[in-house]
Amino acid sequence: MRYQISGKQIDIGEALQVHVRAELGTILDKYAGRPTDANVVFSKSGHEFVCEAVVHLSTGLTAQATAHENEIYAAFDSCGEKMDKQLRRYKRRLKDHHKERSQPVELSDAGSYILEPRDESDEAEHNSVNAMIVAEMEAKIPSLSVGEAVMQMEIASAPVLVFRNEKHSGINVVYRRDDGNIGWIDPRNSG
């Protein structure tokens, strides 16, 4: 398990790092069989300390939590409680599905781009297919079942998740609809 514990424009001491490793290790041992890495970042927002934690599991799940408190240790403890709750839900859902994944989730590389929004008053450019790329990043696409994809999207509180369907290796999308239901796009099954 790799830990990356850092502070944004604040110094964090060795004692806090030891506390984070011990507490996060306890939480992960309880619910997650094979965590791969954890990234914990501390920062200050006004008079409050902010703790952001992201944990990647071998099952492909990314659990993340954020907390704001007046004390830095309290911020981490609150963040740890949120992480504990997410992982407890995740483990309960896995048991409910009666499926334990024996192999780690396979991840495929993909490009991810941020495009500059166009001013709608400029019709000529609006109809153009040449959009300005603002940022280019690497993304990972997990191979999951549809149920696992929905579970990962809900636990991460993400509005959309792109994944490779384990049944037929095609690219699929699950997303939260405006009516609160979950939508699933499977281009292979189009009529």
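Which side chain does R2 meet in a salt bridge? The partner is D37, at 3.2 Å, N to O. By salt bridge I mean a side-chain nitrogen of Lys or Arg within 4 Å of a carboxyl oxygen of Asp or Glu.

Some ground rules. This is a predicted model, where local features need pLDDT of at least 70, side-chain atom pairs count only at pLDDT 80 or more, and totals for chains, interfaces and linings use all residues. Residues are numbered from 1 along each chain as its sequence is written, and side-chain values use heavy atoms, with hydrogens and water left out.

The structure holds four salt bridges. Back to R2 and D37. R2 sits in strand β1 (residues 2–7) and D37 in strand β2 (residues 35–45), so this pair ties together parts 35 residues apart in sequence. Helices (H or I, at least four residues) and strands (E, at least two) are DSSP runs, numbered from the N terminus. R2 is exposed, at 56% relative accessible area. D37 is buried, at 19%. The cut-offs: buried is under 20% relative accessible area, exposed over 50%, partly exposed in between, with a 1.4 Å probe and protein chains only.

Next, the helices. D84 and K30 meet in a salt bridge at 3.3 Å, N to O. D84 belongs to helix α2 (residues 72–96) and K30 to helix α1 (residues 14–31), so the link spans parts 54 residues apart in sequence. D84 is buried, at 11%. K30 is partly exposed, at 46%.

Then R177 and D179. Their closest N and O atoms are 3.0 Å apart. R177 is partly exposed, at 38%. D179 is partly exposed too, at 49%.

Last, a network: shared partners join K30, D84 and R88 through salt bridges.
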